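Colleague: I would be grateful for a close look at a single part of this model, followed by one connected account of its surroundings.

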Amino acid sequence: MGRFFAGLRDGVGFDILLVTVAMIFLVAMAGLPLIYNVLMSFQQVDMFTLGSFIRPFAGIQNYIDVVRAPEFWLVTRNTVIFVFFSMAGQFVLGFALALFFAQNFPGASTIRGLFLVSWVMPGLVVGAIWSWILAGDFGVLNTILRNLGIIQSTVFWKSDPAFSIWAVVIANIWLGLAFNMLLLSVGLAAIPRDLYEAAELDGANAFQRFWTITLPMMRSTIGAVLSLGLIGTLQQFDLFPAITEGGPANTSTVAQYWSWQMSFQLYDFAKGATISVMMLVLVLFASIIYVRSTRHEVRG
Amino acid sequence: MKLHLAALMAAASIGAMTLASPAFAQVTLKIWSIDGVDRVGIADTFSKEFDEANDDIVVEYRAVPFDDLVQETLRAFATGNAPDIVSFDNPDFALFSSRGAMLDITDRVANSSVIKEANYFEGPLNSVKWDGKLFGIPKYTDTIGVFYNKDLFAKAGITEPPKTWAQLAEYAEKLTDPANNVYGVTFSARAGEEGTFQFLPIIQMSGGGYDKVNTEGAAQVLDLWKGLIDKGYASRDVLSLGQWDSTGVFNSGNAAMAISGPWEVDRMSEDAKFDWGVALLPTITEGGERSSALGGFDWGIMSTTQHPDEAFRALEYFAAQDNRIFEEFGSIPARSDIDLPVTGNEKKDAALKVFLDQLQYAQPRGPHPEWQKISKAIYDAEQAALTGQMSSMDALNQAQATIDGILGK
């Protein structure tokens, strides 16, 4: 018995204990819900069988139904637009701001800190604010654009199928911008100054320095920012109910919002689970690409 | 283990005590509704009164937010913790009654001296019926009509409110005044229950129903509405505004007509700085079939209740208070045997009269256990047509195919 406890305190026993605790936590908090979700996507889930575990097996019928739904391709298109342009906007603008604040002018770090305000705010609040800004007849943005003479008639950001998904993209870029900037700033700060000095002595111009020093040195940071960006964008939910509610005519419905609608507005929990499983496969695929692409790199 | 035993013994002795003293036996009724979440309403007020008036009954009232009520009740029912009495929005009621989650009260109502089936309006009563049996009673009702700004009408030289949808479109054109930020008409075609609430009556007027949505008449009216939006006689934001916000545009004088219901009257009396009136919802052809939306909540007893007699007594008490609900809460009782009091506010009284008239034509949504999916098919079609993604008829045909799938045709 004494040896058992001694083993727990150090050596292999302690290692096993730590691993077990971590695994129990992981399985209970993430693994089981995930498995339950996958299970549900293969079952016929009825509102009144929500509490039970064993339900009629549905095969891949839920998947067939989801793909055959009239809005499936529209939602896919919206999700691609939303994810790609949100990430691109957040990353490009975030990188530009990070480079800007890396110039070390007076007050640079303080102002950079203030930018974090957007990231600290809850999504629903951000959504409500953008909902007012983007409102049609009495919106802030429309008033500004009209006074500047850029537009003549009202642009219905939230109600025009041509703009609705972009309204949410704009709000999401604003929301995620600061977080991207912060991570990229940390990456920038970690690049040794003398590299730039040496390059400058060798006559490299600003663009060459960026292309041959900054970007390669930032590779792992950029990889992390992009993968976090993908996860964050696919998780973004609050903005949708606050700004467009997926409308008009589903032109701003993305997969995560659709999944929520299925489960909690139409009470079709199986299809809600099915959509989230399909999203999970997509994210897994993306992370495999990310891991493979960064595998051979030397992390500095 | 010891603790466990102690708890068991305590529970047993409490149980024994209650069994031994039936004189003090109290029945606990759990009542759930959305009233009392943001303001005092019918259910919380009457539950409290019923609790105080009956020494043998304790009422545990719980206010559940509107968006959570159905889910919360489903979960409670699945885990055996369902409330005894619950109040649902009328299209949600069939979800529960069709699956045996509500108590059949047909016989109890037949023997009741307080609740009489014949006193209720037909539409609200249909929403609590399933398979010919009665599973609840209507709590209150409402419907929609057309509010119109009499000052703007006079300015445009129009004397009467529109009788047909074509006339409404024609008037909207005349009333639109972009220089003063005035739209001809506003309504709600939002992607949600409110969209269906305002559009289903059109389908019903054209001879269809929730099970037959692809009618010529409905497509015609959709084309008219699309024209209103495209030509700027109605704001494109009707696609995202709910009824409350949409009518706000009318109240501020920025729309000459608004489609909405009696719940707007109190706010309008305060906010609107102009003369206004209410008219019945237009028809498709002059003198054609009338219809309107049926709103409002229902009361029901859940089938899992241990105290059906006491729960029914509570329903009887609630029903007996129906003559108070208009004065105290601004809700219209779903009954034909109650005369509503005159408030003295001329516009309000006139509006109420029109809405009572309109209620005779109000038809329920469903009832169907999968109403939410049917509703989505309908508002999706409406939005697809109004945004020009599909022609009106194609959009309605697609909705019909979806609905046929749900109904198993």
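How many residues does the contact take from chain B, and how many from chain A?

Modeller: This is a predicted model, in which local features need pLDDT of at least 70 and side-chain atom pairs count only at pLDDT 80 or more, while totals for chains, interfaces and linings use all residues. Residues are numbered from 1 along each chain as its sequence is written, with chains lettered from A and ligands numbered from 1 in the order in which they are written.

The contact takes 22 residues from chain B and 23 residues from chain A; two residues are in contact if their C-beta atoms, placed from the backbone, lie within 7 Å. On the side of chain B that touches chain A, α3 (66-78) and α16 (371-386) of chain B each supply at least two residues. Helices (H or I, at least four residues) and strands (E, at least two) are DSSP runs, numbered from the N terminus. The most is given by α16(B), with six residues. By class, this side of chain B has five nonpolar, ten polar and seven charged residues. Here Ala, Val, Leu, Ile, Met, Phe, Trp, Tyr, Cys and Pro count as nonpolar, Asp, Glu, Lys and Arg as charged, and the others, Gly among them, as polar.

Within chain B, α16(B) also meets helix α10 (residues 216-230): their axes come within 9 Å and cross at roughly 50 degrees. Axes are lines fitted to C-alpha atoms, for helices over the stretch in contact, and angles run from 0 to 180 degrees between N-to-C directions. α10(B) and α16(B) are therefore oblique to each other, given that angles under 35 degrees count as roughly parallel, over 145 as roughly antiparallel, 65 to 115 as roughly perpendicular and the rest as oblique. From α10(B), Leu222(B), Trp225(B), Lys226(B) and Ile229(B) meet Glu382(B), Ala385(B) and Leu386(B) of α16(B). By class, this contact has five nonpolar, no polar and two charged residues.

The loop between α10 and α11 (243-251) of chain B holds Gly242(B). Gly242(B) is partly exposed, with 15 other C-beta atoms within 10 Å; a residue is buried if 20 or more other C-beta atoms lie within 10 Å of its own, exposed if 12 or fewer, and partly exposed in between. Leaving aside neighbours within four places in sequence, Gly242(B) is in contact with Ser188(B), Arg190(B) and Glu194(B).

As for the chain as a whole, chain B has 17 helices and twelve strands, and 51% of its 409 residues count as buried.
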